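Student: I would like to learn how to read the features of a protein model one at a time, with the general idea first and the particular case after it. Could we start with the backbone and then move on to the side chains?

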Amino acid sequence: MISDPSQKYQPACIVSNPERAWPGKRLTSAPRWCSTDLRDGNQALANPMDHERKLMYFNHLVQCGFKEIEVAFPSASETEFEFVRKLIDQDYIPDDVWVQVITQARPDLIRMTMESLRGAKQAIIHVYNATAPIFREVVFQNSKEQTVQLALDAVGLIKQLCDERPDTTWCLEYSPETFCFTELDFALEICEAVKDLWEPSESRPLILNLPTTVEVNTPNVFADQIELFMRNFSDLTHVTISIHPHNDRGTGVATAELGVLGGAQRVEGCLFGNGERTGNVDLLTLAMNLYSQGVSPNLRFDDIKKTIEVAEYCNRIPVHPRHPYAGELVFTAFSGSHQDAIKKGFANRLEKGETIWNVPYLPIDPCDLGCAYEEVIRVNNQSGKSGAAWLIEQNHGLKLPRSLQVDFSEKVKAFTNHSGCEMSLAEIWQLFRESYGVVSQPDLQLVEYESKSVAEEQCIFAKLNHKGREIVVQGKGAGIISALVNGIKHAFDIEINIKDYSEHTLGLSTQSRAITYVEIQSRTEQSFYGVSIDADSLKAVLQATLNAVSCFLEQ
């Protein structure tokens, strides 16, 4: 990198738009969507899709709700041409879906492209030519007049060929490439000329597609360009203004959103942004951004994992784990503070029965995309007290007291610090059970017991199994727990006290099991915890107490 980039690079031009209205607007409805995955996205692949992959992708796009799909560059290869024929001849195109094909503004390529669409019920023929100064002057060495004539010759031929095939409903799409650094007055001039020649109508509409084929400026400038173009265009009757943002500056999504605020009615792009160079605009992110604001995108991604599976298979490119809305880790919190906030957000939502989504760190409900809540919080050595506790609650129904959450988090942190890896849900549950005696054969097990009230005290007689050795315990106290603890203190010659006790049921039926949490303290005020689950709530209390005592004995 050079120390003074201004000696090599010039800032892109901006436009004057003092009457701009787009900054005060809000996105309240979805644009028309056109997927270019099978053309622009396909051209971007080191290994372009074969017919099997393209058909799988096409069918999935239809399932997602796309009504306009650019399916091929028919003149680019025999594979592309034959794929369009396959869709038409084998009746793969639903009646409400428009297939779109693209061609350069050359007569031989236009004729081949139109031939690929023979027999289609409805189709969009997309033609483009280079209009920006760098292309006009350096690549093609054409004047403005020659550039306009090239576009008109192409549109005139397309119109003639459409007239010869009245059984197909036609729509023309014209793209001045690249609009974002074409002079605005020239972009208007050439698009006006195309419109006058095509004579758009209800039966033969026109799409003017204004692409940022190479993104060169900030999104606000593009919004100004779109707004000024539409304000100064002579007649937009039966004309749709479309945008086709690329992502060279990494702002393709913002460019599209601001372009729609500027007035654009249609957006072309690819799922996950898989287009040429740094990609096209990411349509899934755009759609879900709308969804998160309460606006229906008119696309469905109920099973995001299926969409990822199809895209990864067909493109042979993995979806990044942090990809917005779709990545494996995008809803996942490892940080302790994040986990605590999410846990409290879910608890608040459940307690208040809220319908409006309002959970910290989660802009949308992962369930809406077919994702499980167990993916929201995952546990490693960065996690705090809430992470593992939330997973246990969500998957096993245990609502751990706060002090037990803290104690268990220390055990989890010790485990993950030792392993250096994330803990799976199964490992978390196993560690919890082993730590607090929720096993079939605990070290200190209640074999049988009898209890009775004498005067104002509770008395207990219990037989215990301590690592294979039978122990008889007798005690009395204000309640059955204190009676058991007093008996244990005498039998084991130890000094402990009950600090806390709580219980709840697992499930809502009368047959639900009880779960009990007991915290005891040593003479030095160190806490030890025991947990027990049993259909007999009294037995659960006693075994949880014994499990806590067992932890004390093992220190």
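Student: Is Arg-316 buried, partly exposed or exposed, and why?

Tutor: This is a predicted model, and the classes rest on relative accessible area, with buried meaning under 20%, exposed over 50%, and partly exposed in between. Arg-316 has 42% relative accessibility, so Arg-316 counts as partly exposed. Its place is the loop between helix H11 (304-315) and helix H12 (336-352).

Student: What is the phi of Arg-316, and where does His-238 lie?

Tutor: The general idea is that most residues other than glycine have a negative phi. Arg-316, although not a glycine, has a positive phi of about 55 degrees. His-238 is another case, with a positive phi of about 60 degrees although it is not a glycine, and His-238 lies in the loop between helix H8 (219-232) and strand E7 (239-245). His-238 counts as partly exposed because its relative accessibility is 38%.

Student: Is the peptide bond from Glu-177 to Thr-178 cis or trans?

Tutor: In general, most peptide bonds are trans. The bond from Glu-177 to Thr-178 is cis, with omega near -10 degrees, and Thr-178 is found in the loop between strand E5 (169-177) and helix H7 (184-198).

Student: Turning to side chains, how many salt bridges does a search of the whole structure find, and which parts does the pair of Arg-32 and Glu-68 tie together?

Tutor: A salt bridge here needs a side-chain nitrogen of Lys or Arg within 4 Å of a carboxyl oxygen of Asp or Glu. The search finds 32 salt bridges, one of which joins Arg-32 and Glu-68 at 2.8 Å, N to O. Arg-32 lies in strand E1 (residues 32-35) and Glu-68 in strand E2 (residues 68-72), so this pair ties together parts that are 36 residues apart in sequence. Arg-32 counts as partly exposed at 34% relative accessibility, whereas Glu-68 is buried, with a relative accessible area of 7%.

Student: Where do Glu-80 and Lys-54 lie, and are they buried or exposed?

Tutor: The side chains of Glu-80 and Lys-54 also meet in a salt bridge, at 2.8 Å from N to O. This pair links distant parts of the chain, with Glu-80 in helix H3 (residues 78-89) and Lys-54 in helix H2 (residues 51-64), 26 residues apart. Both residues are buried.

Student: What does Arg-136 meet in a salt bridge, and over which ring does its charged end sit?

Tutor: Arg-136 meets Glu-137 in a salt bridge of 3.9 Å, N to O, and the charged end of Arg-136 sits over the ring of Phe-186, 4.9 Å from its centre. Arg-136 counts as buried at 4% relative accessibility, while Glu-137 counts as exposed at 53%.

Student: How many aromatic pairs does the structure hold, and why is the pair of Trp-429 and Phe-432 called stacked or edge-to-face?

Tutor: Planes under 30 degrees apart count as stacked, and those over 60 as edge-to-face. The structure holds 11 aromatic pairs. The rings of Trp-429 and Phe-432 have their centres 5.8 Å apart and their planes at 10 degrees, so the pair is stacked. Trp-429 and Phe-432 both lie in helix H15 (residues 425-436), three residues apart, about one turn of the helix. Trp-429 is buried at a relative accessible area of 18%, and Phe-432 counts as buried at 0% relative accessibility. Ring pairs also link these two residues with Phe-408, Tyr-436 and Tyr-529 into a cluster.

Definitions and conventions:
Residues are numbered from 1 along each chain as its sequence is written. This is a predicted model: local features need pLDDT of at least 70, side-chain atom pairs count only at pLDDT 80 or more; totals for chains, interfaces and linings use all residues. Side-chain values use heavy atoms; hydrogens and water are left out. Rings of Phe, Tyr and Trp (its six-membered ring) pair if their centres lie within 6.5 Å; planes under 30 degrees apart count as stacked, over 60 as edge-to-face and the rest as tilted. Helices (H or I, at least four residues) and strands (E, at least two) are DSSP runs, numbered from the N terminus. Buried means under 20% relative accessible area, exposed over 50%, partly exposed in between (1.4 Å probe, protein chains only). A charge sits over a ring if NZ of Lys or CZ of Arg is within 6 Å of the ring centre and within 35 degrees of the ring normal.
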